[in-house]
Amino acid sequence: VDPRIHFVLVCGARSCPPLRLVTAANLERALDAAARAFCMSDAGAQVRDGEVWLSAIFRWYECDFEPSVCAWVARVLAAEAPARAEAIASCEVFRVLPYDWALNNS
């Protein structure tokens, strides 16, 4: 499973990544952009007081993110947020952000 799929096939809840138009022509770009945008967002990944907090999506589908969730997220963040990526890369355990199931009306 390509783990980027978790950032485009979403339920529309507030804690989900935003809905995006994905076509065969823009598939790779759309998957990369969705993964990067979600990991850059506070709903996706945070570093607070030295602790890594990630979306419940990463816990629910942990086996899809190789070699580990933290390593995968760090790789996605490396170009745009190197300090954040470094903090996440070194984590062995991450905490899970509360998940808001309310409908995202935006």
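I looked up what lies over the buried residues of H3, and the cover includes H1, E1, E2, H2 and H4. Buried here means under 20% relative accessible area, exposed over 50% and partly exposed in between, with a 1.4 Å probe and protein chains only. Helices (H or I, at least four residues) and strands (E, at least two) are DSSP runs, numbered from the N terminus.

The model is predicted, so I note that local features need pLDDT of at least 70 and side-chain atom pairs count only at pLDDT 80 or more, while totals for chains, interfaces and linings use all residues. Residues are numbered from 1 along each chain as its sequence is written, and side-chain values use heavy atoms, leaving out hydrogens and water.

I counted burial along H3 and found seven of its nine residues buried, so I wrote the helix down as mostly covered. Val69, Cys70, Trp72, Val73, Ala74, Val76 and Leu77 are the buried ones.

Next I checked how H3 (residues 69-77) sits against H4 (residues 82-89): their axes come within 8 Å and cross at roughly 170°. Axes are lines fitted to C-alpha atoms, for helices over the stretch in contact, and angles run from 0 to 180 degrees between N-to-C directions.

From H3, the contact (heavy atoms within 4.5 Å) uses Cys70, Val73, Ala74 and Leu77, and from H4 it uses Pro82, Arg84, Ala85, Ile88 and Ala89. I sorted these residues into eight nonpolar, no polar and one charged. For that sorting, Ala, Val, Leu, Ile, Met, Phe, Trp, Tyr, Cys and Pro are nonpolar, Asp, Glu, Lys and Arg are charged, and the others, Gly among them, are polar.

I then followed Ile88, leaving out residues up to four places away in sequence, and found that Ile88 touches Ala45, Val47, Val52, Cys70, Val73, Ala74 and Leu77.

**Core**

The largest nonpolar core holds 29 residues, and Phe7, Leu54, Phe58, Trp72, Val73, Ile88 and Phe94 have the most contacts inside it. Such a core is a set of buried Ala, Val, Leu, Ile, Met, Phe, Trp, Tyr and Cys residues joined through side-chain atoms within 4.5 Å. H1 (27-40), E2, H2, H3 and H4 each give two or more residues to this core. H3 provides the largest share, seven residues.

**Sheet**

I traced an open sheet of three strands in the order E1-E2-E3, with mixed pairing (strands pair if DSSP finds at least two bridges between them). E1 and E3 are the edges, each with a single partner strand, so one side of each has no neighbour in the sheet. H4 packs on this sheet, touching E1 and E2, and its direction makes about 80° with that of E1.

E1 and E2 run antiparallel and are joined by four bridges, with Val47 opposite Val52 in E2. E2 pairs with E3 (residues 95-96) in the parallel sense over two bridges, and Leu54 has Val96 as its bridge partner in E3.

**Backbone**

Most residues other than glycine have a negative phi, and most peptide bonds are trans. I noted two departures.

In the loop between E1 (45-48) and E2 (51-54) I found Asp49, where phi is positive, near 50°. Asp49 counts as exposed, at 82% relative accessibility. The hairpin has two residues between its strands.

Glu66 and Pro67 are joined by a cis peptide bond, with omega about 5°. I placed Pro67 in the loop between H2 (56-60) and H3.
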